[in-house]
Amino acid sequence: MNKTAFKEACDKIVNIDRGQNGIGTLGEKTLHAVLKHYFEPDESKHEIKTGSFFADIANERGIIEIQTRAFDRLRNKLAVFLENCPVTVVYPIPKTKWLFWIDGETGEITKKRKSPKQGAIYDIIPELYKIRQLLINPNFRLCIVFIDMEEYRLLNGWSKDKKKGSTRFDRIPVDVSEEIYINNASEHIKFVPGGLGGQFTSRDFKNAAKINLKTAQTALNILNYLNVVKRVGKQGNLYVYEKI
């Protein structure tokens, strides 16, 4: 992690480009653009055509793809890239987030409010499930980046206060707090929380990781597929697992 390089990327994309053009002109691409310049400041290595696809970054370390959501859209592209070189998928998670609300009619922006939710490594689990077959490829790498950010949302939701079901307008990175690298299939052990006994169920996993049961079950499905854990029995209607 390089906070200086991250600040330089923010200065380039957020403080200069956004300052000249105004909030939202870069849309959801703001976060993506900052990360692209953070991981590779040399713009000549951005958007490089590889086969029939374009890589976000292609340099001496291989290909870097920055994906903020919808990993299912990556499957075909990754399958091609992974045949030729190491590929690192970068996934940003908001560690600390401040919310701003925008009135679509007046353009008025509220004062920022700190979101009570803190990002966790398990936020990526639903996305990883979509590409679980590719996680065993020896060329696959994962980088989870925890970022402090400001999020702007439109007051256009269906609830009385117009917040529920609202549209995310833009996300502005402020700082980087942590990076977690997973360089091969076995390193997905980092998703297994401490404090688990020799054998455990998805409910035990849920309690140790402080996540909901569905996410715990999805995580264990992935980890079982990657031979990080294995099923050794059942307890009621729940599988019993142990680490390999």
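## The largest pocket

In this predicted model, the largest pocket has a volume of about 380 Å³. Its lining is made of 16 residues. Nearest the centre lie Pro94, Lys97, Lys117, Glu151 and Arg168.

Three strands each give at least two residues to this lining: S4 (87-102), S6 (140-154) and S7 (168-182). S4 supplies the largest share, with 6 residues. Sorted by class, the lining holds 8 charged, 5 nonpolar and 3 polar residues.

## The nonpolar cores

In soluble globular proteins, nonpolar side chains tend to be buried together. Here, the largest nonpolar core has 43 residues. Leu78, Ile144, Phe191 and Phe205 make the most contacts inside it. Helices H3 (75-81), H4 (125-130), H5 (202-209) and H6 (213-225) each give two or more residues to this core, and so do strands S4, S6 and S7. The largest share, 5 residues, comes from H6.

Take a look at Ile144. Which residues does Ile144 contact, leaving aside neighbours within four places in sequence? They are Tyr91, Ile93, Ile121, Ile124, Glu178, Glu179, Ile180 and Phe191.

A second core is separate and has 25 residues. Among them are Ile13, Val14, Val34 and Ile57.

Key: Residues numbered from 1 in each chain as written. Predicted model: local features only at pLDDT ≥ 70, side-chain atom pairs only at ≥ 80, totals over all residues. Heavy atoms only, no water. 1 Å grid on protein atoms, 1.4 Å probe; cavity = no way out; pocket = protein on both sides within 12 Å on 5 of 7 lines; lining within 4 Å. Points joined across faces, edges and corners; volume = space filled by probe spheres on them. Helix = DSSP H or I, 4+ residues; strand = E, 2+ residues; numbered from the N terminus. Nonpolar A, V, L, I, M, F, W, Y, C, P; charged D, E, K, R; others polar. Core = buried A, V, L, I, M, F, W, Y, C linked by side-chain atoms within 4.5 Å. Buried < 20%, exposed > 50% of the residue type's maximum accessible area, 1.4 Å probe, protein only. Contact = heavy atoms within 4.5 Å.
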